[in-house]
Amino acid sequence: MLYGIAAATASFLLAALLAALLRAPALSLALVDRRRRRPVPLSGGAAVALVTGLVAGVGDWTGVVPLGPAAGRLLLGALAAGALGLAADLWRLRRRWVVAGTAVAAACVVPYGETGPVAGVLAVGWITLVAAAFRGLDHADGVAGTVGVVTAFGVAACAAAELRDGLAVALLALAAALTGLLLHNWHPARIALGACGALFTGFLLAGAAVFTRAGHPPAGGAAVLFALTAPACLDVVLVLLSRRLAGRPVLRAGPDHLAHRLRRLGLTPQGAAVVVGAVSCGAVLTGVLVHTGRVGAPAVWWVAGASAAAVAGLLRVRVYGPRHGAGAQGRVPGPARPRPTRGACRVPPEVADTPGGASSRGTIFPVRQARRAEEDQVNAPLRVRNG
């Protein structure tokens, strides 16, 4: 207990300090994201990953709170996912390569002996999905950090209930490091998680949740996993459905995430982060209570129902502008008019559409364009001389 408190305090201070120190190098390397025409460095995730790995590694190395082989592989896999995210931030890697690399890292850490082969493959997909979902949450100030802190505390409670003390301490260090980052990531954000921090956070949280539910019935395990990561799942479903319904490519980025829609409803950036954090707190609390046996698994249906209602309501929030070109909303496409040949004079619509139309449409008179001096002379007031 004392080491957990010391580890959380050290993670908070080190993450806040390291995030401030890494801001200038990120600006010099152009490792930034544009948010409302202001550059936000993406080096905060590196600070969170380094501090969490350092604190958890010190506890394992000293033997005070050993991680164990399985949790150690999970932490290494999360660090590998964070390194892949840092490469994506630096060199703009394609999403398919980032997702594939995250899936490979997840496949190397899932405990197949406890989950079984089929559930293990599903767990690999789940870890990959949650890691990508946290990357989507990082599009708004303070949202990904707030959800990560709440989820880390909930998964740490589940790990402590399973007597996985090393994993619980690592998650507490992650929660404290994200809290230290929030000092710089709260609106207006001076630094952001980036793909590095988002993939590291989502990978570690989802993997730890899989570890804590290994050996339990599959149905109850899926319910708890969903409750622990409900806001991230809600954002993914909302984005995919809205883009498909709008006929947009799924991988094309846009202001259609959960926090963006809340802003459209009139909330401030701070208010959107608080609302998403409150939703995450309720869902995570339900997952922890189901995991510890305080309430039954059907309680997760309330979380699923509230999530479905939120998706249905937020889909009605308009986030996409009118399409460019033919077929735009509000315009009825008419017959295409023949394009005039080069050198011909264009007839204004009010002349071409005059009634009686044969004489006006049949003859095109070459009209010489007035020069600037002539226009000034015509527009000048008329002056009459006496005599």
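**Close-up views of a predicted model**

View 1. L86 has a relative accessible area of 31%, so L86 counts as partly exposed (buried means under 20% relative accessible area, exposed over 50%, and partly exposed in between, with a 1.4 Å probe and protein chains only). You will find L86 in helix α4, residues 68-91; helices (H or I, at least four residues) and strands (E, at least two) are DSSP runs, numbered from the N terminus. Together with L29, L90, W91 and L93, L86 forms a nonpolar patch on the surface, with about 510 Å² of accessible area in total. Patches are made of residues with over 30% relative accessible area and no salt bridge, with like charges joined within 9 Å and nonpolar side chains (Val, Leu, Ile, Met, Phe, Trp, Tyr) within 5 Å. A salt bridge here is a side-chain nitrogen of Lys or Arg within 4 Å of a carboxyl oxygen of Asp or Glu. Accessible areas come from the Shrake-Rupley method with a 1.4 Å probe, and for residues only the protein chains shown count as cover.

A note on reading the views: this is a predicted model, where local features need pLDDT of at least 70 and side-chain atom pairs count only at pLDDT 80 or more, while totals for chains, interfaces and linings use all residues. Residues are numbered from 1 along each chain as its sequence is written, and side-chain values use heavy atoms, with hydrogens and water left out.

View 2. The 16 residues of α12 (residues 230-245) should span 22 Å at 1.5 Å a residue, and the end C-alpha atoms are 22 Å apart, which agrees; the expected span is 1.5 Å times one less than the number of residues. Among the buried residues of α12 are A230, C233, L234, L238 and R243. The buried residues of α12 pack against helices including α7 (117-137), α8 (143-161) and α14 (269-291), where contact means heavy atoms within 4.5 Å. After α12 comes G247, with a positive phi near 75°.

**View 3. T286 in helix α14.** T286 sits in α14 and is buried, with a relative accessible area of 17%. Leaving aside residues up to four places away in sequence, T286 touches A299, V300 and V303.

**View 4. Two cysteines, C196 and C281.** C196 counts as buried at 5% relative accessibility, whereas C281 is partly exposed at 42%. A search of the whole structure finds zero disulfides, a disulfide being a pair of cysteine sulfur atoms within 2.5 Å.
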